[in-house]
Every structure is written in structure tokens, then in C-alpha cells.
Amino acid sequence: MTKNVLEIEYERYESLNELSVEDRELAEAAVKAVSGAYAPYSKFNVGAAVRLSDGQIITGANQENAAYPSGLCAERTAMFYANANNPDKSMVSIAIAAVKDGQLCGRPATPCGQCRQVMAEYQTKGGVPMTILLVGADYILKFARVESVLPFIFDSL
């Protein structure tokens, strides 16, 4: 038996102003996308913004449904729309932001396991690392690729 250690590298920014212009634009698009959320049950509104390889930004927001789990997370809403309408373009980055009680959450919200797996699928399909920005009011986290938030990615082998 061997014992191994998994290390995850990421960057932490204290404000949007510390981000590159491109990352700030994506983060702001995610925050704005929150307004499209339909979350009457959880009252937890999430927005996501995906940047495609041509620079285009596609947004999505979480959509809940009384027949749980028929709703869909913001991340998958954005990624599915992006791929359905731009199947020949890679997704190079995604930003996620969440609002509770009308305020951007202090700590960044993290994507669920299903969303992480979908990110992995599109990163593999696109052939380029997908960076991930988790946007909070208190700080922003940036991951260089999906493996940083989903080690041991499932694939079809």
C-alpha cells in the first residue's frame, strides 16, 4: 500500500478589481445572470457565465420546479445552451455567483457534483482547460482546470 496526497492549487482574489479584465467581465456576467434565476423554493439564486473560445459569453441561471428534482443548476443551464448553440466552440472558462436574500453571498458558492462532471465533459470535448471562477462578495477563487474541483474525473475510458 502507498499513501498519496492530493494537492489542489488555486488563486484567491479579494475583489473583482484584482482580476484580469477578461475574468472580471466573466464574473460580472455571472452576477448579472443571477437575475434570471427562478428559485421560489430555495430562495438561492445562482448565475453562471461561460466564455467560449471565440470570446462570446453565454449566461444561465438556476431554474427550480415544484416537481423536484426537475429543475436545473445555473452552470448546466449555461453550458447546455452554449454547446447546443455553439457545438464547434470550446468552453474556456466559467464563472459562478450566488445571491441569497438579495445580496451576493460572502463566500463563493461551489458547483454541485453533477455540474462538475458536466464541466469535465465539456473540458474534454473542447480539448482545452476550462478555468473556473467562484465569485463571492468577500473573495473570488480561481481554478485553472476542472480537475482542481473534481479530482479523478469520470470518463468513458
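A residue is called buried when its relative accessible area is under 20%. By that cut-off Cys105 is buried, because its relative accessibility is 16%. The model described here is predicted.

The cysteines were examined for disulfides. A pair of cysteine sulfur atoms must lie within 2.5 Å to count as a disulfide. The count comes to zero. For Cys105, the closest cysteine sulfur belongs to Cys73, at 14 Å, which is too far for a bond. For Cys73, the closest cysteine sulfur is that of Cys115. The distance there is 3.8 Å, so this pair is also too far apart for a bond. Cys73 is partly exposed, with a relative accessibility of 23%.

Salt bridges were searched for across the whole structure, and five were found. One of them joins Arg51 to Glu25, with the closest N and O atoms 3.0 Å apart. Arg51 sits in strand S2 and Glu25 in helix H1, so the bridge ties together parts that are 26 residues apart in sequence. Arg51 is buried, at a relative accessible area of 5%. Glu25 is partly exposed, at 42% relative accessibility.

Another salt bridge pairs Asp54 with Lys89, where the closest N and O atoms are 3.1 Å apart. This pair links distant parts of the chain, 35 residues apart. Asp54 lies in the loop between S2 and S3, and Lys89 in the loop between H2 and S4. Both residues are partly exposed: Asp54 has a relative accessibility of 45%, and Lys89 has a relative accessible area of 25%.

Glu147 and Arg145 also form a salt bridge, with an N to O distance of 2.8 Å. Glu147 is partly exposed at 32% relative accessibility. Arg145 is partly exposed as well, at 35%.

Arg76 presents another case. This residue lies in helix H2, which spans residues 74-85. Arg76 is buried yet has no salt bridge. The nearest side chain of opposite charge is that of Glu75, 6.6 Å away. The Arg76 side chain instead makes a polar contact with the side chain of Gln114, at 3.0 Å.

Backbone geometry was considered next. Most residues other than glycine have a negative phi, and most peptide bonds are trans. The peptide bond from Tyr68 to Pro69 is cis, with omega near 10 degrees. Pro69 lies in the loop between strand S3 (57-61) and H2. Lys43 is not a glycine, yet has a positive phi of about 60 degrees. Its place is the loop between helix H1 (21-33) and strand S2 (44-52). Asp101, also not a glycine, has a positive phi of about 55 degrees. Asp101 lies in the loop between strand S4 (91-100) and strand S5 (103-104). Asp101 is exposed, with a relative accessible area of 67%.

On the surface, a nonpolar patch is formed by Leu6, Ile8, Tyr10 and Phe152. Together these residues have about 490 Å² of accessible area. Leu6 falls in the segment before strand S1 (11-13). Leu6 is exposed, at 52% relative accessibility. Strand S1 itself contains Arg12. Arg12 is partly exposed, with 46% relative accessibility. The C-alpha atoms of Arg12 and Leu133 are separated by 9.7 Å, although the two residues are 121 residues apart along the chain.

Definitions and conventions
Residues numbered from 1 in each chain as written. Predicted model: local features only at pLDDT ≥ 70, side-chain atom pairs only at ≥ 80, totals over all residues. Heavy atoms only, no water. Buried < 20%, exposed > 50% of the residue type's maximum accessible area, 1.4 Å probe, protein only. Patch = residues over 30% accessible without salt bridge, like charges linked within 9 Å, V, L, I, M, F, W, Y side chains within 5 Å. Areas by Shrake-Rupley, 256 points an atom, 1.4 Å probe, with all protein chains shown as cover. Salt bridge = Lys/Arg side-chain N within 4 Å of Asp/Glu carboxyl O. Helix = DSSP H or I, 4+ residues; strand = E, 2+ residues; numbered from the N terminus. Lys, Arg positive; Asp, Glu negative; His and termini not counted. Polar contact = N/O pair within 3.5 Å; in protein donor to acceptor, adjacent residues only side chain to side chain.
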